[in-house]
Amino acid sequence: MHRLLVILSDGMYHSGEDLGEKLGISRAAIWKKIQKVSSLGLLLESKKGRGYRILGGLDLLASNQILSHLSPSAKALLFDLEVLSTVSSTNTHARLYAEKSNASGRVIVAEGQTNGRGRRGKTWVSPYGCNLYLSLVWGFDGGVKEIEGLSLAVATAVLGGLKLCGAENIKLKWPNDLLYQKRKIGGILLEVVGDPSGYCQVIIGVGVNMGMPKNLSELADQQWANVGELLDPKVGRNQLAGVVIGELLLLLDGYKKTGFLGYKKEWLEHDAFKGERVELIMVNNSVEGTVHGVDDSGALILKVDGEIKVFSGGEISLRGCV
Ligand code: BTN
């Protein structure tokens, strides 16, 4: 199916006959593949006498193009880059590697996910060929203690990558959401494999909405925005993927030396809720307070009823607050 998608990615009509010739298969076989293409949720049109086209074309991922956007120092930290078509979840796929090998710097990118996962058990809406879904595996010697604050630091790296591509005014929501005008543009899911008190590997999953079709908005449980709207149309998904991967690799290399402290200032400068009244929803309760930034470990500081308190888990919401 990938070769068919490459031909259709130009957004032009291609007749069944032409496609059959190019791929060396019968028209009936083409028809079967076309059914598979439409099952991906792509805007496929067919017209009598003209053939098939994907409305608006497709900007497909290609490993050589992604790699061309990595600096030599980032490339030196990359162990392997795998570009997949559809996968259940890049994090789940990365976990299989992490369970078998101690290697740091393995990256998996996918065109689409059938079971994209978000934080707190939520679903990450992952349609084919329009956003960014990637996972990176990295090992740490000092167990989970060493990675306190890593998820916030990772958010600054993703933000840095989006900025390098030209996206301005992106903010961070504790602990690691990327927002544009308070609408979600990206999310990060960290999972740990191995010994929590010794050598462990962290799977860093990053999802960035780039060209999410508007008709999928009802599937998301919160307001979202596309980073594509903030970028020059010339910036494609391969560039975005390459630049973000490069920033992540460099951050992970540097994190060993500085921990979260090295990224705290950057995080605070982009705090979307600084000084705002929020509700922090935790597993069994919630508190209301004013945001006073984060501490050296990345925990959230809230002023609750005149008292400064620190929280390491939960989800910030503006709902119900004045
Ligand atoms: C969140 O904000 O809830 C985190 C979303 C993380 C989504 C990414 S997409 C790539 C990777 N694979 C997944 O299944 N999830 C992460």
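**Group meeting talk: a ligand and the chain around it**

K182 is found in the loop between β7 and β8. Let me start there. One thing to know about the model: it is predicted.

K182 has a positive phi of about 65°, and K182 is not a glycine. Why mention that? Most residues other than glycine have a negative phi. Is K182 buried, exposed or partly exposed? Its relative accessible area is 39%, so K182 is partly exposed. The cut-offs are these: under 20% is buried, over 50% is exposed, and partly exposed is in between.

R120 also has a positive phi, about 50°, and R120 is not a glycine either. Look for R120 in the loop between β4, residues 106-113, and β5. R120 has 44% relative accessibility, so R120 counts as partly exposed.

Next, a peptide bond. Which bond is cis? The one from W174 to P175, with omega near 0°. P175 sits in the loop between β6 (170-173) and β7 (177-180). For background, most peptide bonds are trans.

Now the ligand. How many residues surround the ligand? There are 20. The closest are S89, Q113, R117, R119 and K184.

First up, S89. One of its polar side-chain atoms lies 2.8 Å from an oxygen atom of the ligand. Then R117. Here a backbone N or O atom lies 2.7 Å from a nitrogen atom of the ligand. Then K184. An N or O atom in the side chain of K184 is 2.6 Å from an oxygen atom of the ligand. How much of the ligand does the protein cover? On its own, the ligand has 410 Å² of accessible area, and the protein covers 98% of that.

What is the shell made of? It divides into 6 nonpolar, 10 polar and 4 charged residues. Four elements each supply at least two shell residues: α6 (90-100), β5 (132-140), β8 (183-194) and β9 (200-208). Which of them gives the largest share? That is β8, with 4 residues.

Let's zoom out. The domain assignment gives domain 1 (2-54), domain 2 (63-268) and domain 3 (273-320). The C-alpha centres of domain 1 and domain 3 lie 52 Å apart.

Find S39 in helix α3, residues 27-39. S39 is at 60% relative accessibility, so S39 counts as exposed. Now find N169. It is 130 residues from S39 along the chain, and their C-alpha atoms are separated by 36 Å.

On to the core. The largest nonpolar core has 70 residues. Which residues have the most contacts inside it? They are V158, L162 and V227. Helix α9, residues 237-258, gives the most to this core, with 10 residues. Domain 2 and domain 3 each provide at least three of the core's residues.

Stay on α9 for a moment. N238 lies in this helix. N238 has a relative accessible area of 4%, so N238 is buried. What does its side chain reach? Another is the backbone oxygen of L60, which lies 3.0 Å from a polar atom of the N238 side chain.

Last stop, G161. You will find G161 in helix α8, residues 150-164. Buried or exposed? At 0% relative accessibility, G161 counts as buried. G161 and L189 are 28 residues apart in sequence, and their C-alpha atoms are 17 Å apart.

That's my tour. Thanks, everyone.

Technical notes:
Residues numbered from 1 in each chain as written. Predicted model: local features only at pLDDT ≥ 70, side-chain atom pairs only at ≥ 80, totals over all residues. Heavy atoms only, no water. Near = heavy atom within 4 Å. Polar contact = N/O pair within 3.5 Å; in protein donor to acceptor, adjacent residues only side chain to side chain. Areas by Shrake-Rupley, 256 points an atom, 1.4 Å probe, with all protein chains shown as cover. Nonpolar A, V, L, I, M, F, W, Y, C, P; charged D, E, K, R; others polar. Domains from an automatic or database assignment. Buried < 20%, exposed > 50% of the residue type's maximum accessible area, 1.4 Å probe, protein only. Core = buried A, V, L, I, M, F, W, Y, C linked by side-chain atoms within 4.5 Å.
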